[in-house]
Amino acid sequence: MKVSSVAWSLLGLGTPPVAALIFIPLLLSQLGAERFGLLSLIWAFTALSGLLDLGIGRATTKAIADLQVGGDTARMHSTVAAALRVTLLSGAFGAVLVLLSLTLDLRQIFSLQSVSADQMTTALVLLAAVVPIQAMAATYRGIAEGLQQFREISLVRMALGSANFVAPWAVACFSQDLGLLTLSLVLTRALALLAFRTIARRHLPATTASIDRASVRLAAPHLLRSGGWLSISAIVSPLLVQADRFAIAAIVSAAAVTSYAIPFDLITQLLIISSAITTVALPSLSAQLARDPAEARRTFVRWAFGVTLLMALATGLTAALLPWLLPLWLGHDLPPESIAIGRWLCLGVWINGLGVMFYSWLHAHGRFRATALLHLAELPFYALTLFVLLQHFGVLGAALAWVLRVGVDTLVLFAMSRRGQHAAQAKVTSS
């Protein structure tokens, strides 16, 4: 893996936290706890809507990286065309599901006081448009990552990550209407889709072979088989990450989401360290495994060890400074329980930073089935733990449940990685 690629990836992922540090206090002051809590849910939903690419984006990243090693440009184009068609269909299906939620009384479910039913309806209609936009953007980004265009991807991420906070702040300066706040986020995602599409189309190698419908139809089942288990992870994993906010809103209140979302959004930004590396790791290690498996393993071990040390330093320092950082950031608007929540989340982020490294290593080997089964097993365990701990500890229980989940997740991923390594060594020995 190139250090320059990791550096660009880190820059792209690191810019949004800077924007968050500046604009979240302003948004909280402008919107109040309830509207800011809803805005947090909208941010969470836009992140979740990317799951309806059904894992095709990540599967395409690996497929493109593997095909580049063999120089098979015809299959690359067929794979891309198939991936985009599947994603468009799944995104349209997701939009319909969102529109069906208009039949629910969300004001009562989230115990809303100041937001009208008309504003909620407008926001939901706009969020329906986000689903196919996010799904298609994830697939185009996957193509660009497979082509290892990390510099251009990072530039788009920098712009999108900043606009994620700047756009609603600009709206909040003259209106607190939830529909307008949502519209600002929809427009930023649409621009990001166009940018990722441009990058992918610019760098995809040309082919002299004709790409007809038959070749695309042939590529689609292969892509779906390769990414079938990854699709399950793509659906379940964001639920594991974002479900806590919706549970807090339903069990406690929408306003209570703020006391959890503020430290969560701040502290989980530390995961950009490991995320920057794993973004580069999947296509790089996939290609390296095809050429020299032993060297690929040595590369992974070096980077995993480095991530463990960096994450320990970052989370330890953050936990120690949190009683000063959060009040300095938010002043009197800081919910009193946020510091305790934040310190527990620091522990979870350190653990999760190593876990995502094992996750990427397994995917570089094509072991999508193993991680998907793990996520499926975690979902009911986490839902039950989240419900019980929220009932007994309030919002702090959500942080405890999250730390427990990522701890179990990392231990199991480590065990699967070790078992896979021993199996591979035994296969080499027997041959």
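Visitor: Which residues touch the most other members in the largest nonpolar core?
Guide: In this predicted model, Tyr-140, Leu-178, Phe-196, Ile-248, Tyr-260, Leu-345 and Trp-402 do so, out of 116 residues in that core, where a nonpolar core is a set of buried Ala, Val, Leu, Ile, Met, Phe, Trp, Tyr and Cys residues joined through side-chain atoms within 4.5 Å. Buried means under 20% relative accessible area, with a 1.4 Å probe and protein chains only. Its largest share, 15 residues, comes from helix H1 (residues 3–49), helices being DSSP runs of H or I with at least four residues, numbered from the N terminus.

Visitor: And what is Leu-178 in contact with, leaving aside neighbours within four places in sequence?
Guide: Contact means heavy atoms within 4.5 Å, and on that basis Leu-178 is in contact with Leu-38, Ile-42, Val-115, Gln-119, Met-120 and Ala-123.

Visitor: Is Thr-182 buried or exposed?
Guide: Thr-182, in helix H7 (residues 178–203), counts as buried because its relative accessibility is 1%.

Visitor: Switching to H13, where is the kink?
Guide: The kink, about 30°, lies at Glu-378, shortly before the proline Pro-380; the bend is the angle between axes fitted to the seven residues ending at a residue and the seven starting there.

Visitor: Which conventions apply?
Guide: Residues are numbered from 1 along each chain as its sequence is written, and side-chain values use heavy atoms, without hydrogens and water. Local features need pLDDT of at least 70 and side-chain atom pairs count only at pLDDT 80 or more, while totals for chains, interfaces and linings use all residues.

Definitions and conventions
Buried < 20%, exposed > 50% of the residue type's maximum accessible area, 1.4 Å probe, protein only. Helix = DSSP H or I, 4+ residues; strand = E, 2+ residues; numbered from the N terminus.
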